[in-house]
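I opened the model to look up a few contacts and helices. My notes follow in the order I took them.

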Amino acid sequence: MSIILDVQNLNTRFDTPEGEVSAANNINFTLKKGQSLGVVGESGSGKTQIFMAIMGLLAKNGRTSGQAIFKGQNLLELPVAELNKVRGVSLSMIFQDPMTSLNPYLKVSRQMTEVLIEHRSMGKKEALERSIRMLELVGIPEARKRVHMYPHEFSGGMRQRVMIAIALLCEPDLLIADEPTTALDVTIQAQILDLLHNLKEEMGMSIVMITHDLGVIAGMCDQVIVMYGGRVVETGTVHEIFNDARHPYTQGLLQSMPRIDGDHSEDLYAIPGQPPNLQALPSGCAFQPRCQLASDQCRREQPGSITFVSERSVACHRVTEIIELNQEETVNREVAL
Amino acid sequence: MSLLAKPNDRMAAVLDQQQNVDMEEVAGRSLWQDARIRLMRNKAAVVSMVILAMITMMAIFAPWLSSHPFDEVYWDFIQVAPNVAEGFWFGTDENGRDLFVRTLYGARVSLMVGLVATTVSLIIGVTYGAFAGYMGGRVDNLMMRFVDILYSLPFMFFVIILMVIFGRHIFLIFVALGAVEWLTMARIVRGQTMAIKKKEFIEAAHASGVSTARIIFRHIVPNILGPVIVYMTLTIPQVILTESFLSFLGLGVQEPLTSWGVLISEGAKVMESAPWMLAFPATFLAVTLFCFNFIGDGLRDALDPKDR
Amino acid sequence: MSEPILKVDDLKVHFPVDVGTFFSKKATLKAVDGVSFELHEGETLSVVGESGCGKSTLGRAVLQLLHNTEGQVVWMGENITGYPVKAMRPLRSEMQIIFQDPLASLDPRMTIGEIIAEPLVTHNPEIPKDQVKARVREMMDIVGLLPRMINRYPHEFSGGQCQRIGIARAMILRPKVIVCDEPVSALDVSIQAQIINLLGELQETFGLSLLFISHDLSIVRHISHRVMVLYLGNVMELAEKDALYNAPRHPYTQALISAVPVPDPDKEAHKKRIVLKGDLPSPINPPSGCVFRTRCLYADHQCEQEKPPLTTLNEPTAKGNHQVACHKQAEINSLD
């Protein structure tokens, strides 16, 4: 399979009155065509900033270094005019709040056809027809009528669909979805996830799913990146992450999620402490103050990323011990069975 | 994954705060302190405050800064240019009075009009606005329509009628300006109150059974003070300017008392033959207005919660 | 079973609204439309439902923070419906609320100490200052805040810590009931668990009853004893936790539970998900008959005509008091 997005050594920094803040450090990953990548992390883990940087949408005080090769072009070095030929055409992004990317004063039809007229040099009629087909594809009933409505006339779930339809207009090769269902109800979330899943299967589109919900990742993604304090702490396939987590943070996160199918007699496992503040990261490993395995080395040195196989890496000083313990536990579980 | 033993949850929260545990109580930094620190970082605002303080001090201590009384006519020095040897630092006016002293006396009147009128508008505006905003509904509707009606009255007309009926008096200027400026203040305060009223911490206070009066004074008023202070600093120059304008039209303070507006008006008439008569009071007025505006801007930036 | 500490009977909360741009018409928004339940001592009753189902309104009406249009709220045998503000005030020490947005629920101009002390000072103005402070410090310790932080301001704390402050304020008068309005949905995953455990711990120690309002079915399963499913202001199903999650009877509950993603890729891959069509109808103009019928897979003529009453199952397999409001309930559940 060909690689569609190759990010190497990406760094994002922000200049603030309190000094420079690193939102993302030394990010490396690749995404293959037709695959979906889940990016998990808490608020302030830098997960969104990576993709804002790739899309060239960072706030004014932000700077990026490194490279993000998308279809042979380094997006981080493209001039804006060139970038605009890629953004919204072969690379699209959808956000948590659809109203931030929809213009409330323009009809949906206008917002959709403009994209097609601009990038696909279609005629007005043709563009409108295609817009309607797109709205039908994302499951908007009476699309022919609704295409002429304003964004606020749609409900939250419908608005998210409209945004997805706009993102899909030019049949992008890669769709970046930033918490696309967080603001939605579960039944609507199920609809949207179903839709994205089908689009991936039918159009062969690659998807990046940025979310804090491990449940969404489990159902949608092939590859997973776990972020903490602006760094990648663990990467792997969805099975590796969920069945054989090796970073204490990933393990803690998985255990602290209340599960609808789980055991409910006991207290939840809670990761102690608070998420880190990017402006005042602890010394050494960012997770060290909340980690029960933290040693002096963890408090002193930033752990480097240890790669096992191509897409499997963990950034933890104590990973060898954790692997042993994991294996022991698997053995014990089998014995118990 | 039983690798991580379940810690006592209470320990969990404590853990991250534990780095420097001593049982001393830690002092917090209130939003006001934060704002003050931000304000002090704003150079334009700090310089403005220093200049304004100097002008105010000069106005207060005017009688001791020069040997010339403000209303004495020096027959030998009619409309002379600035003259350091004789102690007429800013020159004299067409009646032979010392312009330096008169400018400082003008500062007294102008600054006082600014402060008093703004304070009047502050007291009426905040009370009226907070009450209307908190009550809401029909009461609010009635109160705000009344404000709208007052807004639509032509201000100059109003002042001229007052002057004609009651004669020219400095007190009337306070009344006239205060009566107009409180309208905007009331609108601002009402809007802020309505926004704060919907916040969850107000609901939390309700749910705890806190009395209405306490909610208004303990929770609402401190939280709307920010915009009120900013608006106040921007109202003062506006009032000073209006007073100057009134004086310019001849509706201001009465001779021999003077204000910057009166001085500028007199100076403008003899702009070509005695430019100093216009230049000095005009400079003082302009510098003061600049200072207030810079301070207002600085305060707005310092108090703006979005910056946090 | 002992006498319930809170009994809600056919509670309705309707709001007048204006519709139309120029010529406004008066319409009624039926936020809560006939809800009945009982809350016992030491029990957690969860109210789940999607946004706009009236769960927050219900929580506030129970506390009489807003007045209900019809029905009764009975607090320890006393009908408190429509009590004026003054009469409610002494009762406020017994029932408290914690909010969704931890920072917005704390007055930014007050110190933590003042915030937590406020209910205490309001209800017991005679307590001397040093005793108030001692009790605030004790409470801070109980909820897992360092007492030496007493003079700090809310903005100096993270979301999870602010929620602890909110809990301390609610707990300082040792109330009998706390309404928790989405208390963890604004928090990060790793912090949610801390707060849920804290609530469980407090409940055990002080025998608290919780009315836990949430849209997150996983959290609800973890924390509740009984669960009530709300849709457009109507109760769809009310049952013991395990009965509801293991054998949901109402088609809405079934869809809701199946829609929750499970953090397990193998289960997710093989799960059969019931995807509901369409959106929540407007509560200003709810569907006739059963309010859920427009999105229901099984709806027929009867559902359009008659509103299904909330009835207790009397099959031998049903556990506890399992109530469902669905005409087709027996039919649907005999299919599989």
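I count two residues as in contact if their C-beta atoms, placed from the backbone, lie within 7 Å. The model is a predicted one.

**Chains C and A**

I looked up this contact first. It takes 36 residues from chain C and 39 residues from chain A. H6(C) has the largest share, seven residues. By type, I noted 17 nonpolar, 11 polar and eight charged residues on that side of chain C.

**Helix H6 of chain C**

I then checked the length of H6(C). Next I asked which residues of H6(C) are buried. Among them are C:Val189, C:Ile191, C:Ala193, C:Ile195, C:Leu198 and C:Leu199. The buried list also includes C:Ser190, C:Gln192, C:Gln194 and C:Asn197. Just after H6(C), I noted a positive phi of about 65 degrees at C:Gly207.

**Chains B and C**

Here I found 30 residues of chain B in contact with 38 residues of chain C. Helices H1 (9-15), H9 (200-207) and H10 (212-248) of chain B each supply at least two residues of the side that touches chain C. H9(B) gives the most, with seven residues. That side of chain B divides into 13 nonpolar, eight polar and nine charged residues.

**Two helices within chain B**

I looked at H2 (residues 31-41) and H12 (residues 276-303) of chain B. Their axes come within 8 Å and cross at roughly 135 degrees. I call H2(B) oblique to H12(B) because of that angle. The crossing is right-handed. H2(B) makes the contact through B:Ala35, B:Arg38 and B:Leu39. H12(B) brings B:Gly298, B:Leu299, B:Asp301, B:Ala302 and B:Leu303. I sorted the residues of this contact into five nonpolar, one polar and two charged.

**A:Pro17**

My last entry is a loop residue. A:Pro17 sits between strand S1 (3-16) and strand S2 (19-32) of chain A. Is A:Pro17 buried or exposed? I put it down as exposed, because 8 other C-beta atoms lie within 10 Å and the cut-off for exposed is 12 or fewer. I also checked A:Pro17 against A:Gly88: they are 71 residues apart in sequence and 33 Å apart in space, C-alpha to C-alpha.

Key:
Residues are numbered from 1 along each chain as its sequence is written. Chains are lettered from A and ligands numbered from 1 in the order in which they are written. This is a predicted model: local features need pLDDT of at least 70, side-chain atom pairs count only at pLDDT 80 or more; totals for chains, interfaces and linings use all residues. Axes are lines fitted to C-alpha atoms, for helices over the stretch in contact, and angles run from 0 to 180 degrees between N-to-C directions. Helices (H or I, at least four residues) and strands (E, at least two) are DSSP runs, numbered from the N terminus. Angles under 35 degrees count as roughly parallel, over 145 as roughly antiparallel, 65 to 115 as roughly perpendicular and the rest as oblique. A crossing is left-handed if the near helix is turned anticlockwise from the far one by less than a right angle, and right-handed if clockwise. Ala, Val, Leu, Ile, Met, Phe, Trp, Tyr, Cys and Pro count as nonpolar, Asp, Glu, Lys and Arg as charged, and the others, Gly among them, as polar. A residue is buried if 20 or more other C-beta atoms lie within 10 Å of its own, exposed if 12 or fewer, and partly exposed in between; C-beta atoms are placed from the backbone.
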